[in-house]
Amino acid sequence: MSKTGPLSKKLHVKTYGCQMNVYDSARMADVMAPYGYAASDRADGADLVILNTCHIREKATEKVYSELGRLRVMKEEAAKEGRRMLIAVAGCVAQAEGEEIVRRAPVVDMVFGPQTYHRLPELVTRALGRETGRGGWRGAGVVDTDFPAEDKFDHLPEESRTQGAAAFLSIQEGCDKFCTFCVVPYTRGAEFSRPAAAVVAEARRLVAGGALEITLLGQNVNAYHGEGPDGRDWGLGRLIRALAEIDGLARLRYTTSHPRDMDDDLIAAHGEVPALMPYLHLPVQSGSDRILDTMNRGHTADDYRRIVDRLRDARPDLALSSDFIVGFPGESDRDFADTLRLVREVGFAQAYSFKYSARAGTPAASVADQLSEAEKSDRLEALQQILNAQQRAFNEAAVGSVQPVLFERRGNRPGQLVGRGPWMQSIHAEAPERLLGAIVGVAVDLGGANSLSGHVVTVETAGRVDPVAPSPQPPPAERVPA
Ligand code: SAH
Ligand code: SF4
Ligand code: F3S
């Protein structure tokens, strides 16, 4: 395929799953832009539709097939009008199921995994050639689920057209931990860290393009051990300190981390690097040592408590978020009670909780002692009741504080903008559009179940502003009910 000047074709990417997929989707758009593909937020009328998929739970995978049913109708209608619509399945379902997807949904023209999307223009050429019978590509769709030896990051365009004031940056991929419930080590492959210099260079470009906040991404982001410019191995703490020196970068975050990789330097960075925001997503999955062991998590519930204590010693206003799985095979009432106890003791500002979903090929799926759907649902409800109450209390405690908010998008109500505060809360306020992409002080008036609202108190018109110091809040442990 040849590079063209004007953007004459439409590309629609629909993203499922984690933030790594959000980042990958943005990069797919970057890869296709030089070939004339403009990003579109509608599948209808698009020349190329990519579903960037997630395989983590059964529901996530099912969603992809029902979306493909809808796309089939759209593709047929396009064909009637003499338009060609290519359909691609990317991401973790693509990696896990490969050709099976084309067999089950023949409407799919291309299947490619998370490691090969830098080859997208070539795949599109092959798929188009297959349709016209040129190039010998007839029959089944084009499938590319290699784990190529080359580093895809070296083959992606440097300029990103799709990242805004709050940008994502993938620094680490894959996972070697093999938790017994999880598909990620199979879909994303072995752990890999990008060299620190490449990460810093990409961060500089993002900041030059208007980013005030960067979230560093990785399936196990704190297992980061990239080659530093000094030839030594850099951990995440060292990398964060280097990134914090970039002029104009106001905020840093990272996700998702594993308790096992929370090292001393990273914990210290939470106390020493002001740009590192006081919010951490640290999945614990369960509060039962027996379950943590069969999950192969490699830490106990008390290890987790100790890590949290050390983090809060370093940064007293740190708010925590976590992931939980209920109904893991063999989970007894007592195991579940241990999870509830841990939740009450630690106190979370936000959390994600899931019913265990058996995934083919993972060790836990073949354990005989599976729980019933009804048991899983009851436990999920009990856990979510506590987590929701904690989140609400955390949000209510913000009322009366002034928080620096990075406005990222328009709100549902006219005249309203929405952005994030330091503790990751969504904060709504009436504000002029020119404040999109700026950090503005907002006095919080209301704290709801999922978000906050308030009014703008400091407005900086120069575009770039320094973060406003938030007014103090009581430490999270005192804000969440037991
Ligand atoms: N790397 C991250 C998690 C990535 S997957 C970590 O180690 O924490 C995101 C979340 O999905 C997990 O934290 C887990 O809570 C959930 N999850 C993963 N596999 C699951 C499964 N089979 N059933 C239910 N939830 C699952
Ligand atoms: Fe999955 Fe465990 Fe790896 Fe996280 S650490 S991605 S849960 S295997
Ligand atoms: Fe889903 Fe793959 Fe992310 S399975 S959670 S999209 S790594």
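One cavity of 30 Å³ or more was counted in this predicted model, a cavity being a set of points, on a 1 Å grid over the protein atoms alone, where a 1.4 Å probe fits but cannot get out. The largest cavity holds about 30 Å³ of space, a volume being the space filled by probe spheres set on the points, which are joined across faces, edges and corners. Its lining, defined by residues with an atom within 4 Å of a point, consists of Leu 252, Arg 253, Tyr 254, His 270, Leu 276, Met 277, Tyr 279 and Leu 280. Two or more lining residues come from each of β13 (251-255) and β14 (279-281), and β13 contributes the most, with 3. Helices (H or I, at least four residues) and strands (E, at least two) are DSSP runs, numbered from the N terminus. By class, 6 lining residues are nonpolar, 1 is polar and 1 is charged; Ala, Val, Leu, Ile, Met, Phe, Trp, Tyr, Cys and Pro count as nonpolar, Asp, Glu, Lys and Arg as charged, and the others, Gly among them, as polar.

Tyr 254 also belongs to the largest nonpolar core, where Tyr 254, Leu 216, Leu 236 and Leu 239 have the most contacts among 54 residues. Such a core is a set of buried Ala, Val, Leu, Ile, Met, Phe, Trp, Tyr and Cys residues joined through side-chain atoms within 4.5 Å, buried meaning under 20% relative accessible area (1.4 Å probe, protein chains only). Helix α7 (residues 196-208) gives the most to this core, with 6 residues. The core lies between domain 2 (163-277) and domain 3 (280-397 + 472-482) because both give residues to it; the bounds come from an automatic or database domain assignment.

Helix α7 also gives the most to the lining of the second largest pocket, with 5 residues. A pocket is an open set with protein on both sides within 12 Å along at least five of seven lines. The volume of this one is about 360 Å³. Of its 22 lining residues, Arg 27, Pro 157, Glu 158, Glu 202 and Arg 205 lie nearest the centre. The lining comprises 9 nonpolar, 5 polar and 8 charged residues.

Around ligand 3 (a heavy atom within 4 Å) are Cys 18, Asn 21, Thr 53, Cys 54, His 55, Ile 56, Cys 92, Arg 188 and Gln 219. The shell around ligand 2 has 7 nonpolar, 2 polar and 2 charged residues.

Residues are numbered from 1 along each chain as written, with chains lettered from A and ligands numbered from 1 in written order. Local features need pLDDT of at least 70 and side-chain atom pairs pLDDT 80 or more, while totals for chains, interfaces and linings use all residues; side-chain values use heavy atoms, without hydrogens and water.

How values were computed:
Buried means under 20% relative accessible area, exposed over 50%, partly exposed in between (1.4 Å probe, protein chains only).
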